[in-house]
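Have the structure open as you read.

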Amino acid sequence: MKKLVAYITAGFPNNSFTIDLALALKESGVDSLELGIPFSDPVADGPIIEEANLIALKNGFKIEQLFEISSQIATQIDTLWMGYFNPFYHKGMDLFTDYAKEYGVSGFIIPDLPHEEAKVYTDLMNKKDLSLISFVAPTDSEQRIKQVVENSKKFIYLVAYAGITGSGASEDLSQTITNIRAVTSTPVYVGFGVDEKTAKEKAVGVDGVIVGSAFVKILLDNSLSNNEKIKKISNLAKVIKDTINS
Amino acid sequence: MYIPKASKFDPDSNGHFGKFGGRYVPETLMPVLLELDEYYKTIRFDEDFWSEVDTYLKDYVGRPSALYYAKNISDELGAKIYFKREDLNHTGAHKVNNTIVQGLIAKKMGKKRVIAETGAGQHGVATATIAALLGLECEVFMGEKDVERQELNVFRMKLLGAKVHSVKSGSRTLKDAMNEAIRYWVTNARDTFYIIGTVAGPHPYPMMVRDFQAIIGYEAKAQILAKENRLPDYVIACIGGGSNAIGAFSHFLEDEGVTCIGIEAGGLGVETDKHGASLEKGSPGVLHGQMSYLLQDDDGQILEAHSISAGLDYPGIGPEHAYLKELKEAQYENITDQEALDAFVWLSQTEGLIPAFESAHAVAYLKKIPKEKIKNSLIIVNLSGRGDKDMIQAKDLLSFD
């Protein structure tokens, strides 16, 4: 069974909505939740996730909310925190790893922390039994892939194309996947640009997909009520999960 | 001929100046940065490469730039004040020192296209200029707010054949222009060279740009020794990202008795929340590929900066400055919008030199040096750019009978 990881922006529009959505996603077959920490300057993200980030901050999002939400959901659905490095650094990796442990969060996804800069946190993460997800990009050479995935845990986040989240781009990843498989048995999940139309193709040769912008687009749709949003996102998750496993 | 020299403040192999610097970018860009790092190692001290650069700097940019003894201001202050005339460079500021070298590197690495972020538009113009010269495509990212207040530079870039993207997100200034440039770069990583305009961004940019701008201090040191037969007491430069300052400082940092002073944008005052003084009021953090001082809130969200000068309107600072500050190897002060505007008029009417708003911050600091310290001292102020680009904004702020 191929896995489905869902990204949602934490606290958007409020905590109880995020909690309800997370639990609904679990029911729809989502295997892991990427709980996004809104950040003022999300440079790896396209306009959809950027907008959700900026609106959440404008509405007064505080990191404290991430912890509250996680305390309610992380025991029910496998949860990882996704965010840019500065908030982690500013509040302290010690604090984040302590809370992650306390609430049962399983790992962190930090797109602007390449493995050279992540190394200093390896011991801390291991001590708390947390995974810091390794990224592989289609621009990576065979040799770099070897270095990057050496200590990979839980899954490898394979970036589907050179670019930002939610664009329509695609690239042939077969050589990259072969290079990863040659050096590690850690499962490979592909993310960036995965929606109900692209999921089938993107899932070829990998163990799972990561979907973000396709869900967040519904979060941003003001014509829908909160209940309708949850329903629509859950249905989409179901469709994608079925598609990748059909 | 100018060739960069190794410095005791060089970063380590991963680009760390102490805890600052580094490479905090999406994985897609890492191979690009590693390739650039390797390439730069092969040319950093290469005579052939620098001899090619030298020809452009002499005949195209107009270097060496003059070191001008400002008699009227010197008499007024009771000190000897020299201005390093980067304002005389082609395109009107120090920015071209950097773009010409990065442009040559882009070309030699086989890239077809260059991109740049710009605040005041000086770096955008300097990039568009060398793109035209070297036959490269050029796209420039500029915050919408800066597009409005620097419309002359926007036109210049277009005239030079560049495409200008007006960035509408966030504070619509330099920070957001850089976000958008990085997004474009990630998307076009394979064939696009990002010409970063200051000593910031991921390694090797802070070190490269410092090497390229250090020609300012290299020349100034020889010039002041020829004219005064001694080293200056102070070297003063304004700081946004910090490239003209690091360029002016670097050949003096290891000299006893020379105090290097960087001037940040004080905006409406550093006691308010409207300024660009990241070293004075910020704390260490990660933005735009590097660790340095940042203006940020208690959650690590980046705050908007403010300055009268678009070139200083940035919530971060180059990592080497953060390092020099912690080591106490350089001194950092700030100047408000009003003080800078007063200095803009003062220098225009005393010496007939119209400085850029950015450079006016450095000029303004001359009046803040305590009397007992400035008396009989020898000072170099880096006049990083000329004020032509600021005329439209100045016209709204000033009136003369």
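**Pockets, then cores**

Around the second largest pocket there are 26 lining residues, and those nearest its centre are A:His115, A:Ala118, A:Leu132, A:Ser134 and A:Val148. Bear in mind that this is a predicted model. The volume of this second largest pocket comes to about 420 Å³. In chain A, helices H6 (115-118), H7 (122-127) and H8 (142-149), plus strands E5 (131-132) and E6 (134-136), each put at least two residues into its lining. H7(A) gives the most, with three. By type, the lining splits into 14 nonpolar, eight polar and four charged residues.

Now hop over to the largest pocket, which holds about 750 Å³ of space. Its lining has 44 residues, with A:Phe192, A:Gly193, A:Val194, A:Thr198 and A:Lys202 nearest the centre. Here H11(A) gives the most, with four residues. The lining divides into 23 nonpolar, 11 polar and 10 charged residues.

On to the packing. The largest nonpolar core counts 189 residues, and A:Trp81, A:Phe85, A:Phe108 and B:Ile105 have the most contacts inside it. Chain B's helix H8 (residues 174-187) is the top contributor to this core, with eight residues. Another core, of 36 residues, lies apart from it and includes B:Leu77 and B:Ile261.

Zoom in on A:Phe85: beyond its sequence neighbours within four places, its contacts include A:Met93, A:Tyr121, B:Tyr24 and B:Met291. Finally, find B:Gly22 in strand E2 (residues 20-24) of chain B. Is B:Gly22 buried or exposed? It's buried, because its relative accessible area is 0%, under the 20% cut-off. Leaving out residues up to four places away in sequence, B:Gly22 touches A:Glu117 and B:His203, among others.

How values were computed:
Residues numbered from 1 in each chain as written. Chains lettered and ligands numbered in written order. Predicted model: local features only at pLDDT ≥ 70, side-chain atom pairs only at ≥ 80, totals over all residues. Heavy atoms only, no water. Core = buried A, V, L, I, M, F, W, Y, C linked by side-chain atoms within 4.5 Å. Buried < 20%, exposed > 50% of the residue type's maximum accessible area, 1.4 Å probe, protein only. Contact = heavy atoms within 4.5 Å. 1 Å grid on protein atoms, 1.4 Å probe; cavity = no way out; pocket = protein on both sides within 12 Å on 5 of 7 lines; lining within 4 Å. Points joined across faces, edges and corners; volume = space filled by probe spheres on them. Nonpolar A, V, L, I, M, F, W, Y, C, P; charged D, E, K, R; others polar.
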